[in-house]
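Work through these exercises with the structure open beside you. Try each task before reading its solution.

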Amino acid sequence: MEQIAAVLLLVGCNAELSTCREIPVPQPVQVSIASCEAARPLAMRLAGAGEAKLFSTCVPMDSAKAQQSVSLAWALTRSGQLTVELGDSPSLVATR
């Protein structure tokens, strides 16, 4: 049985939603969806002072990936929904 962990994502925007940025959180990877959901309110309160609009979500992931590098792509829809895609980080190869 695979264990599910979660990534806590916070995004802050200006009032017009024309400029948004990811807000760092102290512990983005949580051991479970439940612990991520429990951490969201405090993370939003701590981060929300400088942002007109604040969005958050918990993104489920296989706990085995929590030890690896993953990519996180997010977008804010016109209706104000935060959408997220979690994927493998691309491998970088240096050549001359």
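This is a predicted model.

**Exercise 1. Decide whether Cys36 is buried or exposed, then find its partner.**

Step 1. Start with accessibility. Cys36 has a relative accessible area of 0%, so Cys36 is buried. The cut-off for buried is under 20%.

Step 2. Look for a sulfur atom beside that of Cys36. Cys36 and Cys58 form a disulfide, with their sulfur atoms 2.1 Å apart. In general, a disulfide is a covalent bond between the sulfur atoms of two cysteines.

Step 3. Work out the handedness. The torsion about the S-S bond of Cys36 and Cys58 is about -95 degrees, so this disulfide is left-handed.

Step 4. Cys36 sits in helix α1 and Cys58 in strand β4, so distant parts of the chain, 22 residues apart, are linked.

Step 5. Check the other end. Cys58 has 11% relative accessibility, so Cys58 counts as buried too.

**Exercise 2. Count the disulfides and describe the link of Cys13 and Cys20.**

Step 1. Count pairs of cysteine sulfur atoms within 2.5 Å. The count comes to 2 disulfides.

Step 2. Turn to Cys13 and Cys20. Their sulfur atoms are 2.1 Å apart, and the two residues form a disulfide.

Step 3. Read the torsion. About the S-S bond of Cys13 and Cys20 it is 110 degrees, and the link is right-handed.

Step 4. Compare the accessibility of the two ends. Cys13 is at 1%, so Cys13 counts as buried. Cys20 is at 27%, so Cys20 counts as partly exposed.

Step 5. Write down the pattern. With bonded cysteines counted along the chain, the disulfides follow 1-2, 3-4.

**Exercise 3. Describe helix α1: its span, its kink and its buried residues.**

Step 1. Take the span. Helix α1 covers residues 33-47, which is 15 residues. From first C-alpha to last, α1 reaches 20 Å, close to the 21 Å expected at 1.5 Å a residue.

Step 2. Find the kink. A kink of about 35 degrees lies at Arg40, shortly before the proline Pro41.

Step 3. List the buried residues of α1. They are Cys36, Ala43 and Ala47.

Step 4. Ask what covers them. The cover includes β1 (4-13), β2 (20-23), β3 and β4 (53-62).

**Exercise 4. Describe the surroundings of Gln30.**

Step 1. Locate the residue. Gln30 belongs to strand β3, residues 29-30.

Step 2. Judge burial. Gln30 has 10% relative accessibility, so Gln30 counts as buried.

Step 3. Search for a polar atom facing the side chain. The backbone oxygen of Gln27 lies 2.8 Å from a polar atom of the Gln30 side chain.

Step 4. Leave aside neighbours within four places in sequence. Gln30 is then in contact with Ala5, Ala6, Ser35, Cys36 and Ala39.

**Exercise 5. Say what stands out in the backbone of Leu17.**

Step 1. Locate Leu17. It lies in the loop between β1 and β2.

Step 2. Most residues other than glycine have a negative phi.

Step 3. Read the angle. Phi of Leu17 is near 60 degrees, a positive value in a residue other than glycine.

Step 4. Leu17 is at 32%, so Leu17 counts as partly exposed.

Definitions and conventions: Residues numbered from 1 in each chain as written. Predicted model: local features only at pLDDT ≥ 70, side-chain atom pairs only at ≥ 80, totals over all residues. Heavy atoms only, no water. Helix = DSSP H or I, 4+ residues; strand = E, 2+ residues; numbered from the N terminus. Buried < 20%, exposed > 50% of the residue type's maximum accessible area, 1.4 Å probe, protein only. Polar contact = N/O pair within 3.5 Å; in protein donor to acceptor, adjacent residues only side chain to side chain. Contact = heavy atoms within 4.5 Å. Expected span 1.5 Å × (residues − 1). Bend = angle between axes of the 7 residues up to and from the residue.
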